Amino acid sequence: MLQYVIRRLVYGMITLLALSIITFTLLQNTGGDPLDRLKSNPRITQQAIQEMAEFYGLDQPGTKQYLTWVGNFVQVWNYPTAWGRSFQGPQQVQELVLNRLGGTARLMFTALGLAVMIGIPLGIYQAIKQYSFFDQATTTFSFVTFSTPIFVLGIGLQIILALKLEQWTGVKFFYTSGMNSTSYSDLSFGARIGDTLQHLVLPATSIALISIAGYSRYQRASMLEVMHSDYLRTAKAKGLSRRSVIVKHALRNALIPIITLVSLDVAGVLGGAVITESIFAWPGMGRLYIQAIFLNDWPIVMAVVMLIGFMVVVMNLLADLAYGWLDPRVRYD
Amino acid sequence: MKHLWQRRSLTWLGLLLAFVLVVAACGDDDTAETTGTTSAPAATTTTTAAPTTTAAAPTTTEAAPTGKPYGGEAIVASDQEPPTLNTFAPGGDNFIVSIVGNGYWTGVQDIDGFTLELIPEVVTELPTVANGGISINADGTETIRYTILDEAVWADGTPISGDDFEFTYNTIMDPDLPITRTVYEDIDPATVVAGPKTFEFTLTAPTVQAELIFGFLIPKHDVEGSDFINDWNDTMWVSGGPFEFDQWQKGEFIRLTRNANYWKTDAETGQQLPFLDSVIFRFIPETAALINSFKAREVDVINPPPSIETIEDLQTLESEGASVEVLSGPIWEHLNFQFGDNRLVRNAGSYNEFLEYRQAVAHTIDKTKIVDEILKGQVEPMSSYVDAFSPTLSLGAWDQYDYNPDTAIALVADLCARDDTDCDANPVSTIFSTTSNNDARVTLSQLFVEMFADAGIVYENQLEDSSLFFGETLDFGNWDLGEWAWVGTPGFAGLVSIHDIFDPEGAPPDGQNFYRWGTAAVEGADPEGFNQGASSVIDDNTARFAVLRDDMNSTVDVDELTEIIHEAEQILADQVVIIPLYARLDPGAVWADELGGYKHNPSQAGDTWNIEQWYRVDL
């Protein structure tokens with residue numbers, strides 16, 4: 001088992017190295033220059049732009065820029081200078097990225113938690129009650145939410161639950177933007193919880209609704225497949241109770257496929273939710289990432305891509321290990 | 001049993017949901033937070049309660065009997081977040097840095113939101129030849145003297161002095177710092193004289209550009225000895241403006257609090273400024289969310305992107321107490337011709353070097369239709385680039401080219417009748433290039449199809465992603481007919497500097513004459529794409545323009561300067577080097593039933609130019 005884990009980790013490192021080379025090459029060849037925006041200002045001279053290029057090391061050949069970057073990037077302990085400076089200003093990338101992790105984790109784990117806790121039981125229940133009114137109704141709801149663009153969903157929730165609800169009731173239930181109120185640090189513990197929820201509910205719900213739809217459909221299909229298997233029919237024939245059949249025999253096996261899905265989603269958590277974070281002005285990685293892409297700020301793009309890549313490698317490994325725990329037939333040689 | 005199981009499941013599900021939400025809520029507020037390093041002196045108004053994010057939650061009410069009320073908070077929303085607070089650091093030229101900085105910076109000049117002219121801020125008056133603040137010396141050098149306001153002090157009570165000017169100068173000139181030193185590098189260091197309330201220096205040659213320098217002063221007593229680039233990104237030095245930096249919650253907001261030692265008083269009531277206890281800048285990148293925040297009155301002031309739909313949406317709120325002002329902004333769009341070799345890479349049959357062709361294009365363009373289609377007629381088309389800088393100085397030199405397809409057809413016929421053209425073998429054609437990821441420009445390209453067809457000119461659109469267009473295309477002049485925007489700056493300095501982009505002696509990569517109008521051949525440049533032959537247009541006009549450009553850069557006499565600029569404007573119009581189209585809209589919206597004193601300022605100063613005069617009307 002240990003040998004297997006070590007081998008997977010070595011493969012993972014090779015994958016990350018390849019990922020960094022491919023991403024860097026693509027970013028270097030997108031045709032943009034991080035300092036392009038300066039050119040539209042006639043008061044900034046070519047000399048000033050040249051000095052700026054030297055400051056950021058952009059005057060160096062691409063290969064040297066990559067080797068310098070990768071050499072520094074792996075020295076994560078040299079906080080906050082290890083990952084270089086953002087091209088948007090003199091800020092250190094490591095500081096910028098790590099500062100956004102908290103916001104992203106709060107939003108994404110809440111949304112993911114809601115999706116797992118609602119979506120999976122929902123899928124199981126749909127399978128148990130196959131073709132019932134509940135199954136039909138929730139299936140329709142899943143299709144509607146799954147096919148609604150998150151931008152529409154987010155803005156719609158803002159308008160209905162933040163703007164209109166306040167107009168109708170005169171009470172502010174939810175905020176349209178931000179992670180906390182500006183007076184958060186002055187609030188009592190109870191008020192902080194309330195304030196956090198008032199900001200968190202809409203963005204988390206936007207993401208969760210779509211994920212719930214996906215998870216429930218996936219879980220329903222997986223559960224139905226297991227429920228129609230021979231060994232379950234045997235279990236029923238042996239006279240086991242319906243609950244025992246479902247919980248002890250069907251559920252455990254039906255959960256195996258969804259582990260892959262959840263583990264990949266957990267890996268993607270670090271990337272944040274680009275659209276949702278922008279709509280709700282949520283200070284997360286997704287917003288940082290998309291802004292960096294638009295501004296050719298490749299040190300930030302590289303850092304986020306590498307973090308996501310790292311999480312994908314780790315979560316895939318954990319998922320494979322979990323298969324072994326759930327399915328005794330799986331062995332690691 | 002079945003029902004019991006269902007009830008238990010639901011109970012557990014509910015408990016789990018509650019647990020997740022509470023865990024999420026109780027987590028530490030772990031985004032980056034930076035707080036001000038300077039403690040605020042006791043304010044004349046006292047904050048008795050924490051401000052809230054809802055705008056209508058003033059903390060204190062202390063009004064003069066007949067004056068404006070003190071206290072409360074204003075929330076300004078922006079779609080951008082500053083990359084740094086230090087305007088001298090890389091990224092410090094970003095517009096939002098100034099918007100926030102207007103709260104705590106001070107300097108020689110500001111831009112008046114009503115007149116869009118430069119006004120003095122920390123000095124008694126802006127130096128001119130007439131008031132003795134500028135003198136031209138016998139050796140051809142220019143001496144400038146500032147007299148600092150007696151009452152001007154930093155927030156900690158330290159007087160603002162000539163030493164702060166000198167320290168600012170020395171910091172900018174530090175060769176180890178990546179700071180733009182234009183104009184400052186022309187100051188003779190030996191001539192710098194700093195007094196308690198005066199500062200004097202001599203420039204090696206007269207230049208009107210000096211009117212914009214020392215716009216931001218650095219407090220020597222607070223900054224000296226620090227790491228200038230790394231120490232002042234997330235926090236700010238002691239304030240010289242109406243507010244002090246208090247807190248930056250990265251990704252969310254910046255909070256400024258009242259500077260009780262601010263020296264300015266309200267001209268109307270004589271009250272000490274500012275009126276507000278605090279100002280919050282919230283960062284909401286998505287336009288729809290920005291508008292929804294404003295509609296929900298979670299923010300008081302917004303500068304939304306200049307989309308017509310957004311403006312019309314906001315204008316529906318005017319009946320509920322909002323005020324929406326739409327003005328011509330400083331960003332002006334223009335059509336232009338490439339005169340360098342690489343125009344032929346884009347269009348092998350380019351006729352850009354022929355004046356008749358350029359005049360024909362000028363008569364082909366229906367600017368009124370363009371403004372009606374793209375801006376719904378909210379502003380007038382531009383008749384000169386000078387409109388974007390000092391409208392009162394504009395000759396409107398492009399008014400000579402009215403929209404007239406018949407004239408355009410006649411000019412094309414004249415062109416084809418020339419001995420040096422062969423329109424049968426090489427039909428008159430235009431290939432238009434601009435950025436494809438800008439809706440207004442895409443609309444423009446669509447409008448051009450019909451306009452050029454009416455003038456009998458073969459036309460083709462070749463739009464590109466902005467990264468390519470503003471990269472290789474612009475650098476190497478790989479276009480035939482192009483379109484993009486420049487940014488205007490009020491005052492003579494901006495107007496003079498814009499002429500650099502037409503300087504026949506300024507071919508890229510060293511210069512900014514991307515049009516290559518009148519430029520000499522470029523050799524030995526790196527990368528090779530810059531290397532091209534001489535411009536297809538080098539004549540008496542380009543030679544005269546080069547002289548004018550040099551003259552305007554060495555003249556400080558306003559009358560003389562006006563005359564030179566007029567002649568330059570006329571040459572550019574007569575020669576149709578560019579065709580100014582329109583200035584982008586610049587909307588500003590405020591809940592006027594909550595916040596008073598706000599005046600939208602479309603210039604670089606931004607809407608916070610008079611933030612010290614904002615007050616809560618709902619107190």
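Me: Which residues in H11(A) meet H12(A)?

Reply: Met285(A), Leu288(A), Tyr289(A), Ala292(A) and Ile293(A) do. On the H12(A) side they meet Ile300(A), Val301(A), Val304(A), Val305(A) and Leu307(A).

Me: At what angle do the axes of H3(A) and H12(A) cross?

Reply: Use the angle and the distance again. Helix H3 of chain A spans residues 62-73. The axes of H3(A) and H12(A) come within 12 Å and cross at roughly 50°. That makes H3(A) oblique to H12(A). Their crossing is right-handed.

Me: Which residues make the contact between H3(A) and H12(A)?

Reply: H3(A) brings Gln65(A), Trp69(A) and Phe73(A). H12(A) brings Trp298(A), Met302(A), Ala303(A) and Met306(A). By class, that contact has 6 nonpolar residues, 1 polar and no charged.

Me: Now a sheet. How are its strands held together?

Reply: Strands of a sheet pair through backbone hydrogen bonds, either parallel or antiparallel. Chain B has an open sheet of 4 strands in the order S5-S6-S8-S7, with antiparallel pairing.

Me: Which strands of chain B stand at the edges?

Reply: Strand S5 (134-136) and strand S7 (193-194) of chain B do. Each has a single partner strand, so one side of each is left without a neighbour in the sheet.

Me: Over how many bridges do S5(B) and S6(B) pair?

Reply: They pair over 3 bridges, in the antiparallel sense. Strand S6 of chain B runs over residues 142-147. For Ile134(B), the bridge partner in S6(B) is Ile144(B). A helix packs on this sheet too: H3 of chain B, residues 162-172, touches S6, S7 and S8 of chain B. The direction of H3(B) makes about 35° with that of S8(B).

Me: Where should I be careful?

Reply: Where pLDDT is low, the predicted coordinates should not be read in detail. Chain A averages a pLDDT of 87, and 94% of the residues score at least 70. Among the elements of chain A, helix H2 (residues 46-56) has the lowest mean pLDDT, 75. Helix H7 (residues 189-227) of chain A has the highest, 93.

Key
Residues numbered from 1 in each chain as written. Chains lettered and ligands numbered in written order. Predicted model: local features only at pLDDT ≥ 70, side-chain atom pairs only at ≥ 80, totals over all residues. Heavy atoms only, no water. Contact = heavy atoms within 4.5 Å. Helix = DSSP H or I, 4+ residues; strand = E, 2+ residues; numbered from the N terminus. Pairing = 2+ DSSP bridges. Axes fitted to C-alpha atoms, helices over the stretch in contact; angles between N-to-C directions. pLDDT = per-residue confidence, 0-100. Parallel < 35°, antiparallel > 145°, perpendicular 65-115°, else oblique. Left-handed = near helix turned anticlockwise from the far one by under 90°. Nonpolar A, V, L, I, M, F, W, Y, C, P; charged D, E, K, R; others polar.
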